[in-house]
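Hi everyone, thanks for making time. I'd like to walk you through one structure today, so please have a look at it first.

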Amino acid sequence: QGKGVAEVDIVRMGEAGLLDDVAKGFRASAEQRGLALSTNWEGPDVAYQADAQRLRQMLSILIDNAVRHTGEGHIAVAGTEAAREGSMAVLRFEVSDTGSGLSAEHLQQVFHAPSRMSDGRTSDANGGLDLPLVHRLARLMHGDTGAKSTPGEGATFWFRIRAQVVEIASNVSEHNHVMDRGEPGSNALSVSVDIGDLRRRFGGD
């Protein structure tokens, strides 16, 4: 593989796509706690060039956070294409819960430094809520993060990334369960791209 070339993935988000696939890993633990767990892709039924491994990690952190700290009610995982310019899209993902919520003071720092929340959550890896990592990964993917909450009514954590919309052959979907870096069932197809070209398209250095 030549210098300046890296592996990215062609990712589908729609029905039976990446959102559903990630959520599957948390359905059993959610059901054990009596929680409903739903997913909803509100964007178009297209594919994107993105880092599926990072996306999975970010979504998993947010869903795990919600399951751990929601006593009753439901957790909603949603995604959409928030904007598009040419072939470049801004994708937005969010995980909402009906937990105890966070104060405005904690919301200001939750993505940026290890801390302990009023409901016992911690924003470090040992506490199972590695939100600073979500923030770092979002920035690496030319995006950002945020949260909103009302104490006693739950919280919503979100992140945005940039991704390129791709047109792929119809037969790709027949094979897209087996090529995401050895992770079957991931709805992603690995491809090689030129890093310099991606940086130019994303407006990076």
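H142 has a positive phi of about 60°, although it is not a glycine. You'll find H142 in the loop between α4 and β6.

A quick word on what you're looking at. This is a predicted model, where local features need pLDDT of at least 70 and side-chain atom pairs count only at pLDDT 80 or more, while totals for chains, interfaces and linings use all residues. Residues are numbered from 1 along each chain as its sequence is written, and side-chain values use heavy atoms, with hydrogens and water left out.

Now the overall layout. The protein has five helices and eight strands; these are DSSP runs numbered from the N terminus, helices being H or I with at least four residues and strands E with at least two. Along the sequence the pattern goes β-α-β-β-α-β-β-α-α-β-β-β-α. Of the 205 residues, 48% are buried.

Back to α4, the helix that H142 follows. Is α4 mostly covered or mostly open? Mostly covered: seven of its 10 residues are buried, among them L131, H135 and A138. The cover over those buried residues includes α2, β6 (144–150) and β7.

How do α2 and α4 sit together? Their axes come within 10 Å and cross at roughly 150°, and that makes α2 roughly antiparallel to α4. Axes here are lines fitted to C-alpha atoms, for helices over the stretch in contact, with angles from 0 to 180 degrees between N-to-C directions. Under 35 degrees counts as roughly parallel, over 145 as roughly antiparallel, 65 to 115 as roughly perpendicular, and the rest as oblique. On the α2 side, the contact (heavy atoms within 4.5 Å) is made by R54, Q57, M58, I61 and L62. Their partners in α4 are L131, L133, V134, L137, A138 and L140.

α2 also meets α1. Those two axes come within 10 Å and cross at roughly 30°, and α1 and α2 are therefore roughly parallel to each other. Residues of α1 at this meeting include L18, V22 and F26, and those of α2 include L55, L59 and I63.

That brings us to the inside. The largest nonpolar core has 45 residues. By nonpolar core I mean a set of buried Ala, Val, Leu, Ile, Met, Phe, Trp, Tyr and Cys residues joined through side-chain atoms within 4.5 Å. Which element gives the most to this core? That's α2, with nine residues. The residues with the most contacts inside the core are M13, Y48, L55, L91, F93 and F159.

Let's finish on Y48. The structure holds four aromatic pairs, and W41 and Y48 form one that is edge-to-face, at 6.2 Å centre to centre with 75° between the planes. Rings of Phe, Tyr and Trp (its six-membered ring) pair if their centres lie within 6.5 Å; planes under 30 degrees apart are stacked, over 60 edge-to-face, and the rest tilted. Both W41 and Y48 are buried. Ring pairs link W41, Y48, F93 and F159 into a cluster. Beyond W41, Y48 also touches residues including M13, L91 and V165.

Note on methods
Buried < 20%, exposed > 50% of the residue type's maximum accessible area, 1.4 Å probe, protein only. Lists of a residue's contacts leave out its neighbours within four places in sequence.
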